[in-house]
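Hello,

Here is the structure I said I would pass on. Please open it alongside this message; my notes follow below.

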Amino acid sequence: HGDGGEARRNAAIRALAERVAHAVDLPVEWAVLKEPGSFAAARERLGPAAARPAVWPFFMSDGFFVREKLPRALAEAGFGDWAKLEPFGTDPRVVDLLEHRLREIASLQGGRQPAEFRILLVAHGSGSGEPASRLRAEAVAAELSWRGLGRIHLGFIEEPPFVDDAMEDCDPQIVIGFFAQEGTHALDDVATLVAERPAILHHVAAIGADLAVARMVADAVEDCISRESA
């Protein structure tokens with residue numbers, strides 16, 4: 001989606017693209033919906049590789065932006081044929097990533113387990129009634145609980161239970177942002193609330209900022225190539 005053209009924050013997706021390019025040894029470019037011209041620029045930089053690119057949506061759910069705005073932006077930039085990969089947040093590997101981070105965080109607290117902590121997963125949600133963000137966050141929380149990480153509480157930016165209410169209800173010790181990048185919601189909205197609660201031992205602003213995400217994208221691209229060549 002991008003963050004209004006702020007180079008400081010859009011730099012994160014550029015850095016991710018560079019790491020993915022090293023991991024797959026293929027041309028990798030980036031674009032954000034906030035800057036429609038970035039799609040045409042990416043197509044120009046890709047050159048012949050733009051004929052049928054694999055497009056990885058750096059979004060947490062398969063919602064309106066992925067289903068409607070992304071295909072429109074690609075078409076307007078001249079991408080006639082492309083393979084859509086699973087959005088970041090819907091890829092099953094994101095649950096593995098979250099589990100790894102939670103177990104790592106708990107271990108740093110005296111070799112403990114995640115189930116011993118009150119954990120809050122913060123997602124965007126939607127004030128317009130679009131259910132994709134909420135449903136995906138609920139599914140991820142349920143999967144983490146099923147894996148033995150204890151109860152995962154949920155809070156949303158744009159719909160109930162709102163983040164501040166969720167924090168009041170569960171008094172979390174660990175807060176993880178189910179966000180792609182450390183943008184306005186992660187760095188301003190949630191971080192401000194976290195700073196007000198000394199009981200919080202660890203805050204992951206955005207799981208999408210994890211360095212392991214590049215390998216996750218590379219695996220998704222390699223899976224796509226295998227399917228295309230089968």
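How many helices and strands does the secondary structure of the protein come to? The count is 8 helices and 6 strands. Please keep in mind that this is a predicted model.

Overall layout

Along the sequence, the elements follow the pattern α-α-β-α-β-α-β-α-β-α-β-α-β-α. The C-alpha atoms fill a box of roughly 55 × 35 × 30 Å, taken along the principal axes. The radius of gyration is 18 Å. A compact globule with 230 residues would have a value near 17 Å, so the two agree.

The sheet

There is an open sheet of 4 strands. Their order is E4-E3-E5-E6, and the pairing is parallel. Strands E4 (152-156) and E6 (202-204) stand at the edges. Each has a single partner strand, so one side of each has no neighbour in the sheet. From one strand to the next, the twist averages 20°.

Look at one pairing in detail. Strand E3 (residues 119-123) runs parallel to E4, and the two are joined over 5 bridges. Which residue in E4 is the bridge partner of leucine 121? It is leucine 154. Helix H6 (residues 163-170) packs on this sheet. H6 touches E3, E4 and strand E5 (174-177). The direction of H6 makes about 150° with that of E4.

Helix H4 and its two partners

Start with H5. Helix H4 (residues 93-108) and helix H5 (residues 132-149) pack at an angle of about 55°. Their axes are 10 Å apart. That angle makes H4 oblique to H5. The crossing of the two is right-handed.

Which residues meet at this contact? From H4 come Val94, Val95, Asp96, Leu98, Glu99, Leu102 and Arg103. From H5 come Arg136, Val140, Glu143, Leu144, Arg147 and Leu149. By class, the contact of H4 with H5 has 7 nonpolar residues, no polar ones and 6 charged ones.

Now H8. The axes of H4 and helix H8 (residues 213-229) come within 11 Å and cross at roughly 160°. Angles over 145 degrees count as roughly antiparallel, and H4 and H8 are therefore roughly antiparallel to each other. H4 passes H8 in a right-handed crossing.

On the H4 side, Arg93, Val94 and Leu97 take part. On the H8 side, the residues are Val213, Met216, Asp219, Ala220 and Asp223. The residues of the contact of H4 with H8 divide into 5 nonpolar, no polar and 3 charged. Val94 of H4 is listed in the contact with H5 and also in the contact with H8.

Backbone points to check

Two places deserve a look. Most residues other than glycine have a negative phi, and most peptide bonds are trans.

Where is proline 161 found? Proline 161 is in the loop between E4 and H6. The peptide bond from proline 160 to proline 161 is cis, with omega near -10°.

The other place is aspartate 25. Is its phi positive or negative? The phi of aspartate 25 is positive, near 55°, in a residue other than glycine. Aspartate 25 lies in the loop between helix H1 (7-24) and helix H2 (37-46).

Best wishes

Definitions and conventions. Residues numbered from 1 in each chain as written. Predicted model: local features only at pLDDT ≥ 70, side-chain atom pairs only at ≥ 80, totals over all residues. Heavy atoms only, no water. Axes fitted to C-alpha atoms, helices over the stretch in contact; angles between N-to-C directions. Parallel < 35°, antiparallel > 145°, perpendicular 65-115°, else oblique. Left-handed = near helix turned anticlockwise from the far one by under 90°. Contact = heavy atoms within 4.5 Å. Nonpolar A, V, L, I, M, F, W, Y, C, P; charged D, E, K, R; others polar. Pairing = 2+ DSSP bridges. Rg over C-alpha atoms; globule rule 2.2 N^0.38 Å.
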